[in-house]
Amino acid sequence: MSKVPGPPLDGLIDDLYYLEGAPPYSRLMLPAAPAPLLIVNLGAPFLIRAGTDIQTVEYADGCAVTTPTRAWEFGYPTPTRSVGVHFRPWGLAPFLPMPAAELCDRPATVEQIWGQPAIAELRHRLTLADAPQEMLKLLEEELVRRLRAIDGLDIVRHMSSAIAETGGAAPISDLGVATRASSTYLAKRFKEVIGVTPKRLARSYRFTATVLALDVAAPIDWGDVAAGAGYFDQAHFVHEFREFTGLTPTRYVEVRQRFLREHPGHALDGWPLPAD
């Protein structure tokens, strides 16, 4: 189940959610998308392999990750139980003690961002809650209590929203001129608030919009897809595809088809891909 928060969190968060039960696969590949995430884990540890890491790492209390630049692997315990937050690209920064760029492709434990006593108390209160709705209310209250002002948040949110509205197609230079801020200032603020530069965020939106629009049940002309998304050539598109998903376009379609075939209508039907 999920919940859309009210003010003052509604401009930072898409939804808060509760997840319980058996995951569709023990390991999922999460393509790089402009969607920071915070999870408070109430079960056995997660196993995460991010960025260029070779080995997986255990995350017992949960994790926080800003906008990634490449695919990352997430291993759910069976059964799994957690509450989490889907943030807008700029939404996680007001709850972090460090610049968002420090968590780019390097997820942190919740203890690392909020401290061991705080996360221990929150997890305890969550486990005592009577129902998922109460758990989400507790998480929302914790977030409101931890909300802090971030320098440059408004300009980053405004420009990021413009990037999102065009699916990453709007020229970054034009958007920068409209903000009346220097490219150096914008790049710095974006890395501190979102974790990546405006150009990198636009690439993420462009790729996400392109791939989510694919109909994997029908034949795909990858040359047309690349051209329609504004890529210079198909080779450039394939290179970015591997970076963002960890897969070639052809392999991606095979894996997506497998997910749809084995778990039709699943709540996670979207980005996650079977990694095992």
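**Reading a predicted model**

Modeller: Start with one residue. D105 sits in the loop between β9 and α1 (110-114). Keep in mind that this is a predicted model.

Biologist: What is the value of phi at D105?

Modeller: First, the general idea. Most residues other than glycine have a negative phi. Now the case here. D105 is not glycine, yet its phi is positive, near 65°.

Biologist: Is D105 buried or exposed?

Modeller: Compare its relative accessible area with the cut-off. Buried means under 20%. D105 has 14%, so it counts as buried.

Biologist: And for the chain, what percentage of residues count as buried?

Modeller: The share is 51% of the 276 residues. The chain exposes about 12800 Å². Carbon and sulfur atoms supply 53% of that area.

Biologist: Now peptide bonds. Which residues does a cis bond join?

Modeller: Most peptide bonds are trans. Here, a cis bond joins P7 and P8, with omega about 5°. P8 lies in the loop between β1 (2-3) and β2 (13-21). Another cis bond joins T78 and P79, with omega about 0°. P79 lies in the loop between β8 (72-75) and β9 (80-87).

Biologist: Let us zoom out. How many helices and strands does the chain have?

Modeller: Count ten helices and ten strands. Next, take the radius of gyration. It is 19 Å, close to the 19 Å that the globule rule gives for 276 residues, so the chain is as compact as a globular protein of that length. Along its principal axes, the C-alpha trace spans about 55 × 50 × 35 Å.

Biologist: Last topic: confidence. Which element has the lowest mean pLDDT, and which the highest?

Modeller: pLDDT is the predictor's confidence in each residue. Helix α5 (residues 172-179) has the lowest mean among the elements, at 70. Helix α3 (residues 132-146) has the highest, at 97. For the chain, the mean is 90. In all, 97% of its residues reach 70 or more.

Key:
Residues numbered from 1 in each chain as written. Predicted model: local features only at pLDDT ≥ 70, side-chain atom pairs only at ≥ 80, totals over all residues. Heavy atoms only, no water. Helix = DSSP H or I, 4+ residues; strand = E, 2+ residues; numbered from the N terminus. Rg over C-alpha atoms; globule rule 2.2 N^0.38 Å. Buried < 20%, exposed > 50% of the residue type's maximum accessible area, 1.4 Å probe, protein only. Areas by Shrake-Rupley, 256 points an atom, 1.4 Å probe, with all protein chains shown as cover. pLDDT = per-residue confidence, 0-100.
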